[in-house]
Amino acid sequence: MSKNKSTISKNAGSKKVLKKDAVSVALRAIKKRDFKFKSDHRQLMVNGLNDAAKNQKLLLLAVELRKGWDAFGKQSMKEFMEETFHEQYGTLNRQLVAARVAYRFGKLDAVNKYSDDSMQQMSKLTKEQCLEVLDHIKHKVGDDFNEKSVTKSSVIDAMIALGYKQPPKEPKQDPVQQLEKTIEKFVDAKLRPKALATILCNKFDKKFISQLTKALKK
């Protein structure tokens, strides 16, 4: 019985060291531009990605930045993740995108600081644009600003305000609703009937009139 406990304890200790080693390698790779992954690193990184959820973004970022996938015998980062982790690919790819964005504007200090959802929204922005988005949120929140203020919705709102994202389209109205809305504007503006006729002619084509007629017959 004691022998089994000893074996379990030894294995657990080895696993802990393996995690630590994987993170150490990742940090060296990120900090040193001339770092080269070797084929021997593959199993270390794979085990680290499987075991250390908290450090997954660091490990993924390191492999991508220094093209570790090439040393691991793969043609791309996507191929490395897809063929190695299979059903976990989607989750890992979202984490990689989040890490990539955070590192782009804040280096290592920003990785793991903000939520993945908030970072993913800025995947197509430059470093300067990402910083603008953060500044916009800071000014809006004020003194209470912290990393938790940077949410998916706050980032989207900031991107729309700064012109980096199109605002959501209004839900499509049926023909009757569109006509009623136009007439409401006409009444509010106190326009003459002739003006309403002109607006209706310019705004609604034959296709719309046909759709309106069918809707009114229901």
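Helices are DSSP runs of at least four residues, numbered from the N terminus. In this predicted model, helix H3 is followed by Lys67, whose phi is positive, near 50 degrees. A positive phi, near 75 degrees, is likewise found at Asn112, which follows H6.

Helix H3 covers residues 56–65. Eight of its ten residues are buried, so H3 is largely enclosed by the rest of the structure. The buried set consists of Gln56, Lys57, Leu58, Leu59, Leu60, Leu61, Ala62 and Val63. Gln56 has a relative accessible area of 9% and is therefore counted as buried, the cut-off being under 20%. Leaving aside residues up to four places away in sequence, the contacts of Gln56 are Leu49, Leu92 and Gln95.

Helix H6 spans residues 89–110 and has 22 residues. The C-alpha atoms at its ends are only 23 Å apart, whereas a straight helix would reach 32 Å at 1.5 Å a residue. H6 also contains a kink of about 100 degrees, centred on Arg104. In general, an α-helix has 3.6 residues a turn, so residues three or four places apart point the same way.

The structure holds one cavity of 30 Å³ or more, and the largest cavity has a volume of about 40 Å³. Its lining is made up of Lys57, Ala98, Ala99, Ala102, Ala110, Val111, Asn112, Lys113, Tyr114, Asp116 and Met119. Two or more residues of this lining come from each of H6 and helix H7 (116–120). H6 gives the most, with four residues. By residue class, the lining of the largest cavity divides into seven nonpolar, one polar and three charged residues.

Lys57, a buried residue of H3, is part of the lining.

Methods
Residues numbered from 1 in each chain as written. Predicted model: local features only at pLDDT ≥ 70, side-chain atom pairs only at ≥ 80, totals over all residues. Heavy atoms only, no water. Buried < 20%, exposed > 50% of the residue type's maximum accessible area, 1.4 Å probe, protein only. Contact = heavy atoms within 4.5 Å. Expected span 1.5 Å × (residues − 1). Bend = angle between axes of the 7 residues up to and from the residue. 1 Å grid on protein atoms, 1.4 Å probe; cavity = no way out; pocket = protein on both sides within 12 Å on 5 of 7 lines; lining within 4 Å. Points joined across faces, edges and corners; volume = space filled by probe spheres on them. Nonpolar A, V, L, I, M, F, W, Y, C, P; charged D, E, K, R; others polar.
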